[in-house]
Amino acid sequence: MKGAPVADESLSVGTARGAAPFPLDTATPLAQLLAGNQRFVAGKPRYGHHVDAPAARTPSHRPWALVVGCLDSRVPPEAVLDQDFGSIVVVRTGGHVLDEAGLGSVEFAVCVFGVPLVLVLGHQYCGAIAATVRAIDSGTPPGGAIGRLVDEIEPAVDRGGDEAERADRAVGRHVARTVSKLSELASVRERVAAGTLEIVGARYEVDTGQVTVLGR
Ligand SMILES: [Zn+2]
């Protein structure tokens, strides 16, 4: 299977009951995610994620943003961005490193759901980045599939100096590299050029719960 257009006829795409309306511009989704984060930080989340939520049990959905984030247990996007069922789709891997399956999932969100926003969310105290710093300093890359994560994160890490500071500086750089990697996808590039899709990098602070948008 190569080069075929993504067909959506057989997929169940439609606004879920009780879900927020699908925004047609690229600015509204980011504003909604940041507003949700402010509710989270303020300790006043709107959504509780229970089975009786109107948008939870519905045969179709039409999410309006994709979040690409880390697997870290402290950074679940639906919680820290306070979003309901049916609102956002999420791809999470160690250090938001994207292999072919991850990129395919991004294309699925972009082409099938037509999300106007992709948010790449790095975070403070990322274990995958810390492991990469240690691997560089020790000269001993981890074996197995973890080594693939380290290989992808390694270009974002400074050489020499305090381990924690270097890991922290690498967060934003690694987010920027992931944004660039996504921008190389033809499906993404075309939509960004047409103004129907925006890819935004952001950083989550474990200390405060705050999400900050990085350079755009
Ligand atoms: Zn992480």
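Predicted model: local features only at pLDDT ≥ 70, side-chain atom pairs only at ≥ 80, totals over all residues.
In β4, the residue bridged to Val118 is Ile199. Stepping back, the chain has seven helices and five strands. Read from the N terminus, these elements go α-β-α-β-α-β-α-α-α-α-β-β.

**The sheet**

- The five strands form an open sheet in the order β2-β1-β3-β4-β5, and the pairing is mixed.
- At the edges sit β2 (88-93) and β5 (211-213), each of which pairs on one side only.
- From one strand to the next, the twist averages 25 degrees.
- Strands β3 (residues 117-123) and β4 (residues 198-204) run parallel and share seven bridges.
- Leu117 takes part in this pairing too, with Glu198 as its bridge partner in β4.
- Strands β1 and β3 are also parallel, and four bridges join them.

**Strand β3**

- Seven of the seven residues of β3 are buried, so the strand is largely enclosed by the rest of the structure.
- Leu117, Leu119, Leu121 and His123 point one way from β3.
- Val118, Val120 and Gly122 point the other way, and the residues on both faces are all buried.

**The nonpolar core**

- The largest nonpolar core has 49 residues, and the ones touching the most other members are Ala65, Leu66, Val118, Leu119 and Val120.
- Helix α6 (residues 163-183) is the element that gives the most to this core, with six residues.
- Leaving out residues up to four places away in sequence, Leu66 touches Ile88, Val89, Val91, Val106, Ala109, Val115 and Val118.
- As a rule, nonpolar side chains in soluble globular proteins tend to be buried together.

**Helix α1 on the sheet**

- Helix α1 (residues 27-41) packs on the sheet and touches β1 (65-70), β3, β4 and β5.
- The direction of α1 makes about 35 degrees with that of β3.
- Leu34 belongs to helix α1.
- With 16 other C-beta atoms within 10 Å, Leu34 is partly exposed.
- Leu34 and Thr212 are 178 residues apart in sequence, yet their C-alpha atoms are 8.6 Å apart in space.

**Helices α4 and α5**

- Helix α4 (residues 127-138) packs against helix α5 (residues 146-153) at an angle of about 85 degrees, and their axes are 9 Å apart.
- The two helices, α4 and α5, are therefore roughly perpendicular to each other.
- On the α4 side, the contact is made by Ala128, Ile129, Ala131, Thr132 and Ala135.
- On the α5 side, Leu149, Val150 and Ile153 make the contact.
- Sorted by type, the residues of this α4 and α5 contact come to seven nonpolar, one polar and no charged.

**The chain as a whole**

- Buried residues account for 36% of the 216 residues in the chain.
- Of the contacts between residues at least 6 apart in sequence, 72% join residues at least 24 apart.

Key: Residues numbered from 1 in each chain as written. Pairing = 2+ DSSP bridges. Axes fitted to C-alpha atoms, helices over the stretch in contact; angles between N-to-C directions. Contact = placed C-beta atoms within 7 Å. Buried ≥ 20, exposed ≤ 12 C-beta atoms within 10 Å, placed from the backbone. Parallel < 35°, antiparallel > 145°, perpendicular 65-115°, else oblique. Nonpolar A, V, L, I, M, F, W, Y, C, P; charged D, E, K, R; others polar. Core = buried A, V, L, I, M, F, W, Y, C linked by C-beta atoms within 7 Å.
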